[in-house]
Amino acid sequence: MLAAPVRATAAPLGSRPCAGDLCLAVASVSPECDNETVLKLFTAHKELVSLPVVEGGRPFGLINRHIFLSQIVRPFHRELYDRKSCIAFMDKSPLIVDAATGIDEMADLAVAYGEKALADGFIITSGGRYLGIGIGIDLMRAVSEMHALQHRQIVQSIEYASVIQNAMLAPSRQAMAAALADSCLAWEPRDHVGGDFYHFLRHERGWLAVIADCTGHGVPGAFMTLIFSSALDRALALHGPMHPDRLLGEINVRIKDALGQVEGRADGTPGSNDGCDALLICMDSAESVMRWSSARMSAYLLPADGGDPAELAGNRMGVGYIETPHGYAWPSHQRMVTPGDVLFATTDGLTDQVGGERRIMYGKRRLLALLKRCRELPMPELAQALQQEHRDYQGSQIRRDDLTFWGWRA
């Protein structure tokens, strides 16, 4: 029986931060273990992001929870694979590092290895023998803490985090460009890294798009996007991509649990009150139906017939915050989509930016006026026009927040 992951107690490796400091002692399985056993382990231990496969004390591979569950539940896969070796769904080339590897070198390896090392985690060894695993959020935290002593090192940590955050978002950006013929996406963190997050994936009936505005900006905001990303992965593993309301509910639970925002401290005060605004849109291309759930996120639909923009129905409850009930259920909405309809969603970094002669916020009125004026343009040109107008409006004022928007023409 697996125990919950705990921080491994490694031999002293010197004063410098190293990979061994990130080691979580997670029990492993052998290549002889079948997939039915792996499914039981993941079901019983929902905190497991990945399960290491070890043979003779040496790492053999890594099984990612989300990938394994998404594959094993496909039609007839249980019958085909239940009794087969777990290596059928195993990553045969995970990132493996020695416990003595410095955190700075570890960050370089993770960036070079790509998003997989951040999402799946990495295996930590000593003398080639398995010790435990590390996870991406711990690595980012260690990088930040290591460089917090000096200004130059702080700048370096932000640069590390920026590369890591861009690597995390790149697959969604590429998938969106490949799937949507006429779309636009802008992601502009205020401080190199930020708290805005987007995710895009294709599924057998269409696609799912997610935009989130997490608490904070800079490095704290980037940490929140990692927590959101992890919560989204777990929600997708449980509910699939077709039910945005269920996904929002699961993300809410995961964020509250991760930050301990279910109960306050002993003195009655909470340790934190962080969360996000979010919009999840599922397009069922087979039926030309769009389903969405919104938590305080603005989105608009400009109908192909030239009618006025309509704001998509939303909900004023944020995700993950102390005041949000643990089991809160966001409503789901749907509508038919016709060719030529334009969908546009944005975080409040766009509308809340102060500027202009009166030094007031850009606001929804100016945004909707531009969307109506530029609605016939290809989406990339519409985005360019909006960015230019927004920069001109901002003028010499400082950027107030991270800015993300996304648009798509059916």
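Is Cys 18 buried or exposed? Cys 18 is buried, because its relative accessibility is 1%, and buried means under 20% relative accessible area, with a 1.4 Å probe and protein chains only. Before going on: this is a predicted model, where local features need pLDDT of at least 70, side-chain atom pairs count only at pLDDT 80 or more, and totals for chains, interfaces and linings use all residues. Residues are numbered from 1 along each chain as its sequence is written, and side-chain values use heavy atoms, leaving out hydrogens and water.

The structure has zero of them, counting a disulfide as a pair of cysteine sulfur atoms within 2.5 Å. For Cys 18, the nearest cysteine sulfur is that of Cys 23, 9.9 Å away. For Cys 33 it is that of Cys 86, at 5.0 Å. Cys 33 is buried too, with a relative accessible area of 12%.

Next, Thr 101. Thr 101 lies in the loop between β5 (96-98) and α4 (103-113); helices here are DSSP runs of H or I, at least four residues, and strands are runs of E, at least two, numbered from the N terminus. Thr 101 is buried at 11%. Setting aside neighbours within four places in sequence, its contacts include Cys 18 and Arg 16, contact meaning heavy atoms within 4.5 Å.

Last, the sheet. Five strands form an open, antiparallel sheet in the order β8-β19-β16-β13-β14; strands pair if DSSP finds at least two bridges between them. β8 (183-188) and β14 (310-311) each have a single partner strand, so one side of each lacks a neighbour in the sheet.

Key: Buried means under 20% relative accessible area, exposed over 50%, partly exposed in between (1.4 Å probe, protein chains only).
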